[in-house]
Amino acid sequence: MNKIITNKSLQPGQIKYLQVTYRHDENNFVVDFQKLNGSLTKHSTNNLDHSITVQSQRIDRNGFINQILSSIKSPEQTPVLNPKKIVIDFSSPNIAKPFHVGHLRSTIIGNFIANINEYFNNKVTRINYLGDWGTQFGLLQYGLKSKNINLEENQSNVMKTLYDVYVHANKLAASEESVQKQARKYFSDIEQGRASLGDWKKIRQITMQELEKVYQRLGIHFDEYHWESDYNGGNIMKLINLLEKNNIVKTDVTGMKFVTVNNRNVTILKSDNSTLYLSRDIAALLDKYKKYNFDKMLYVVDNAQTDHFKTVFEVVKQINKKCTDGCEHIKFGRIKGMSTRTGNVVFLNDILDEAKKKMYEQQMQSMNTRETAMNEETCDTLGISAVILNDLKQKRLKDYTFDWHRALQSEGDSAIKLQYLHCRLLSLEKHCGVAIPNECDPRYLPEEIVGNVTAELARFEHILCRTLEEYEACILVNYLFRLSKSVNRMFNELRVKNEIVDIAAQRLLVFHCARLVVKTSLELLGVRPLEEM
């Protein structure tokens, strides 16, 4: 789009708002945009003020269509001058618990942010920081002993057993202070090397095996797995000494160590020298900066952890300001009505299994379903697509209540409609009887609907820039829904089969470019585009 806008002073990242309108009666496109006077974005480290200039340009119809379709069909590979090193910490479930829907938002939002950074050629490291340490493990150990469960013995559905034990122990701890004390003592013992780590190692192994199945099913990968236990008591004493040396940490009469942040004392080490989630996260952040020397460190964690990350960043800032300059907490709202501690929880595999079942039933009832597409893998992909896009179409900071009907709907603005559109476009390419032309010739594309679809396609790169800038997947999802409506109208108005070859080929090029944009968008959102359904 920058090449089309005739403003030689315009630099990448300067367009803050873009609207493309096709004027069929005037045979041109009107491009309205806001130009930022300076190429800095909201995530830049420079905080200088920049003014915005509103501009408008009229561009010849044929030249515009040629440029847009050609750039989508055969995009130029532009060299990346300053790729950023981006570390993204997301998903991060706890051991001994099945993957529940509460972790879904971090997982798919983090995956999307990683994908779109990679699209813009940033160097991305995806980290899954697993919670395998803390008093919660002490509670789990108490539950195993109280129920006389031996993890070394063969058991069916070990994850369910561990989860039931965890819920049981939490209920006891809520009413009996002695249970909580025993859990704290057990954790202190294992952290100080006074107790066996046999159960802990077994539980970690079991959890990892189950998590890998879920991630593989979702099509999500991580570059590295980190463990909270990597920053246990013995490993972070150097950090504590550094904090004390810089007068950042103080010790009270009980021996507890604390830091003061915003006139509030926050504990980072208990009086028995047991570490806390906070102290482990401080140590982990410093370790990540040393290892990756990142430009940005993004934590994709829900709103409830806002104060926690403010404290982490504030403490680390006093040790290494450059480290925290690139740190950001990517917040998101919660899926309401679910809790891991009361037993009132919906597990992700149950959601995906139910989604697959419902997709199979819907496909069986649909007149458009191809018989060859009726298989378990396709229905599972449709179900996963529905669950992911139902979440990503929400505003990131918004809480929402999970609703089966809304998540799995096949009508209206839905994942099913987008998958069907991609399949229909691909089928057209395979069976229309003409080849996609090497070059665009707008003389064969005089129809108004072509101009309207081209106007939508012209916004694609800017939509991706906005999505990256705001970390808002819903911007891209809503763009896709709007594009799909225009493309479906084009299906109704333009014929490719049994048409004059030159006309058919140029029409096919427009459909092909639309499919490439739909395919790229779905992949960025973490959805595998289907080829038939």
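In which strand does Asp32 lie? Asp32 is part of strand E2, residues 28-36; strands (E, at least two residues) and helices (H or I, at least four) are DSSP runs, numbered from the N terminus. This is a predicted model, where local features need pLDDT of at least 70, side-chain atom pairs count only at pLDDT 80 or more, and totals for chains, interfaces and linings use all residues. Residues are numbered from 1 along each chain as its sequence is written, and side-chain values use heavy atoms, leaving out hydrogens and water.

Asp32 counts as partly exposed because its relative accessibility is 27% (buried is under 20%, exposed over 50%, with a 1.4 Å probe and protein chains only). Leaving aside residues up to four places away in sequence, Asp32 touches Tyr17, Leu18, Gln19, Gln55 and Ser56 (contact means heavy atoms within 4.5 Å).

Now for the sheet. Strands E7, E8 and E9 form an open antiparallel sheet of 3 strands, in the order E7-E8-E9; two strands pair if DSSP finds at least two bridges between them. E7 and E9 each have a single partner strand, so one side of each is left without a neighbour in the sheet.

| Strand | Residues |
|---|---|
| E7 | 249-251 |
| E8 | 257-261 |
| E9 | 264-269 |

E7 and E8 run antiparallel and are joined by 3 bridges, with Val249 opposite Val259 in E8. Helix H7, residues 237-245, packs on the sheet and touches E7, E8 and E9. The direction of H7 makes about 95° with that of E7 (axes are lines fitted to C-alpha atoms, for helices over the stretch in contact, and angles run from 0 to 180 degrees between N-to-C directions).
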